[in-house]
Amino acid sequence: MMRRGQSGDARQSTTGAVKAQGCQPSMPSTKRPKLGQHFLQDPRYRKRILDELRLRADDLVIEIGPGRGAMTGRLAEVVRKVVAIEIDSSLARRLQEEFAKESRVAILHADVLSVDFAELCRQQGVSQCLVFGNLPYYITSPILYHLFACRNCIRAMGLLVQHEVAERLAAEPGTRDYGYLTVCTQLHFQPRIVLTVPPGAFSPPPKVHSALVVFQVRTRFPNWAREEYEEFLEFVKRCFAQKRKTLVNNLAGSFSRDRVARVLAEAGKPTNLRAEQLSVEELAAVFERLSPSSMLNDPLGL
Ligand code: SAM
């Protein structure tokens with residue numbers, strides 16, 4: 001018998017995708033002030049966001065933090081199914097009641113960080129999903145890294161984040177915003193800021209502007225194995241360890257200064273270069289040169 005608050009088989013069919021203890025937050029609740037709850041009130045922005053997502057009728061949309069359902073029902077009107085993951089028990093219960101009769105919506109009461117997106121896709125009979133979320137800002141980076149780790153089952157994403165974070169995600173090399181988060185993002189996705197949303201569109205209004213970033217999948221190094229991506233990201237972390245230091249200095253703990261300087265010189269780059277001056281491909285080429293065990297092709301012929 002269906003209990004009140006359950007939407008069809010939604011809960012049984014999705015809970016298996018929650019790792020660890022279903023709804024146990026991975027951070028103590030004291031460190032989750034208000035759970036980043038700024039609800040999107042303005043219907044004009046709801047519509048504009050929907051337009052920018054370029055949804056397909058057969059999409060499975062995984063929504064992060066549906067809150068009071070500002071977007072959930074609208075998404076369900078255009079796609080095959082929406083699975084919405086909400087950590088707040090009273091909001092999740094409210095949504096489960098609201099969508100109890102709607103077979104195209106399943107509400108999963110869980111911490112998004114404990115959800116295995118690939119398993120969720122499998123349970124819904126698809127290999128890939130589109131991820132949408134007006135992200136809780138206090139936990140934006142952990143969610144992004146979780147999504148990057150789940151990238152194989154994601155066909156595209158549309159995420160509303162703080163404008164300042166959006167600029168870091170989409171930054172060009174040589175700019176102030178370009179850093180480790182940019183490289184992690186642009187290694188797998190092509191992010192584009194498509195819409196700026198003012199604080200007044202939310203209730204309560206946040207202190208800063210937000211932006212919708214649309215991410216298309218981009219595979220830069222198709223021959224890389226998972227370990228090579230991981231090694232590369234470790235390398236990039238070291239390259240950006242202290243942004244104002246040169247690459248040679250940041251890598252001094254791992255490689256001899258002479259070796260790094262030689263690799264840069266061979267590439268026609270100045271030896272006092274900083275990591276932020278190198279594109280993702282250029283960083284990868286330096287990585288390859290310094291890590292002879294890597295199977296990576298030499299994309300720049302360094
Ligand atoms: N989507 C709604 C909207 O646009 O009005 C709410 C967005 S609000 C910025 C963020 C939502 O994420 C809140 O509903 C909050 O409870 C939920 N949330 C916060 N941390 C979460 C987590 N770790 N896992 C899942 N949901 C979370």
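The following legends describe close-up views of a predicted model.

**View 1. Overall make-up of the protein.** The protein contains 12 helices and 9 strands. Of its 302 residues, 39% are buried. Among contacts between residues at least 6 apart in sequence, 65% link residues at least 24 apart.

**View 2. The shell around the ligand.** The ligand is surrounded by 24 residues, and Gly65, Gly67, Ala70, Asn134 and Pro136 are the closest of them. Two elements, β1 (39–40) and β3 (81–86), each give two or more residues to this shell. By residue class, the shell comprises 14 nonpolar, 6 polar and 4 charged residues.

**View 3. The buried face of helix α11.** Helix α11 spans residues 257–266, and its buried residues are Val260, Val263 and Leu264. Viewed down the axis of α11, these buried residues fall within an arc of 95 degrees, so they line one face of the helix. The elements that cover the buried residues of α11 include α10 (247–250) and α12 (280–290).

**View 4. The opposite face of helix α11 and the residue that follows the helix.** On the face of α11 turned away from the buried side lie the exposed residues Asp258, Ala265 and Glu266. Val263 and Leu264, by contrast, belong to the buried residues of α11. After α11 comes Gly268, which has a positive phi, near 75 degrees.

Methods
Residues numbered from 1 in each chain as written. Predicted model: local features only at pLDDT ≥ 70, side-chain atom pairs only at ≥ 80, totals over all residues. Buried ≥ 20, exposed ≤ 12 C-beta atoms within 10 Å, placed from the backbone. Helix = DSSP H or I, 4+ residues; strand = E, 2+ residues; numbered from the N terminus. Arc of directions from axis to C-beta. Contact = placed C-beta atoms within 7 Å. Near = placed C-beta within 6 Å. Nonpolar A, V, L, I, M, F, W, Y, C, P; charged D, E, K, R; others polar.
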